[in-house]
Amino acid sequence: MKITFLGTGTSTGNPEIGCRCEVCTSRDERDWRLRSSVWVRTQGKSILIDCGPDFRWQAIRAGIDRLDGVLVTHEHYDHVGGLDDLRPFCRHHHEIPVYLEPEVARAVRNRIPYVFKENPYPGVPKITLNEIEAGKPFTVAGIEIIPVRVMHGSLPIVGFRIGCFAYLTDLKTLPESEFSRLQHLDVLVIDALRHTPHPSHASVNEALEIVNRLHPKRTYFIHMSHKIGLHAVVEKELPPGVYYSYDGLTVETECPETA
């Protein structure tokens, strides 16, 4: 399995518009973060997790030329704002299945209603919305996906487990019932917005508390704001096996379930 970090930033991205802090003016490309999303390749299949407003450039930069499915964690714009940019993947009448919870499906239909009209305008993306339920596995092109309940402050959203890899974005807390679904991970990707507490995102210390309970072999932080600090500095502060991810990073893992 190959996991490519298409974006690792928070909803405003880094640099943040109008900000002149040391992170936003850094020349280190690891400090320049598009909105969070990953591209997973396993068993010859191509799966996208979240499709934010930076997706077009992310896809071009990563060389994505085919998608077998899109997994959506929740309805916030920085996670669904790029769905219209799936159009090039729908050439030759190819439909892209999108997997999301019912409330998120309703939000997407309201946000881009022109896509779902009975007689849609020529050229709109051909996407099908497939409703999922947290805790109930489903398959994408033959690959088993386990949706995991995550709390984004008071908003219930989902993370995803694929084999020995799990992706938990926009997490503030993880319900006790979900820890059993996240055992024996090789790679954990988890939200760590900044060092100080936030009402709906985990801080670095809060993310580390979850990591210490799950004991994955490797952990990569995502959804970071400019308040996280300079990558070159803060990466030295993390314990062994825990890393700040950055845009363009690709990690590989051998999962028994997907090898």
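By salt bridge I mean a side-chain nitrogen of Lys or Arg within 4 Å of a carboxyl oxygen of Asp or Glu. Glutamate 133 is partly exposed, at 44% relative accessibility. The cut-offs: buried is under 20% relative accessible area, exposed is over 50%, and partly exposed is in between, with a 1.4 Å probe and protein chains only.

A word on the source. This is a predicted model, where local features need pLDDT of at least 70, side-chain atom pairs count only at pLDDT 80 or more, and totals for chains, interfaces and linings use all residues. Residues are numbered from 1 along each chain as its sequence is written, and side-chain values use heavy atoms, leaving out hydrogens and water.

Next pair. Lysine 172 and glutamate 206 form a salt bridge at 3.0 Å, N to O. This one links distant parts of the chain, 34 residues apart. Lysine 172 lies in the loop between strand 10 (165-168) and strand 11 (187-191). Glutamate 206 is in helix 4, residues 204-214. Helices (H or I, at least four residues) and strands (E, at least two) are DSSP runs, numbered from the N terminus. Lysine 172 is buried at 17%. Glutamate 206 is partly exposed at 23%.

Now arginine 149 and glutamate 101. Their salt bridge is 2.8 Å, N to O. They sit 48 residues apart: arginine 149 in strand 8 (143-152), glutamate 101 in the loop between strand 5 (96-100) and helix 3 (102-111). Glutamate 101 is buried, at 11% relative accessibility.

There is also a network: salt bridges link Asp28, Arg30 and Glu235. How many salt bridges does the rule give? The count is 14.
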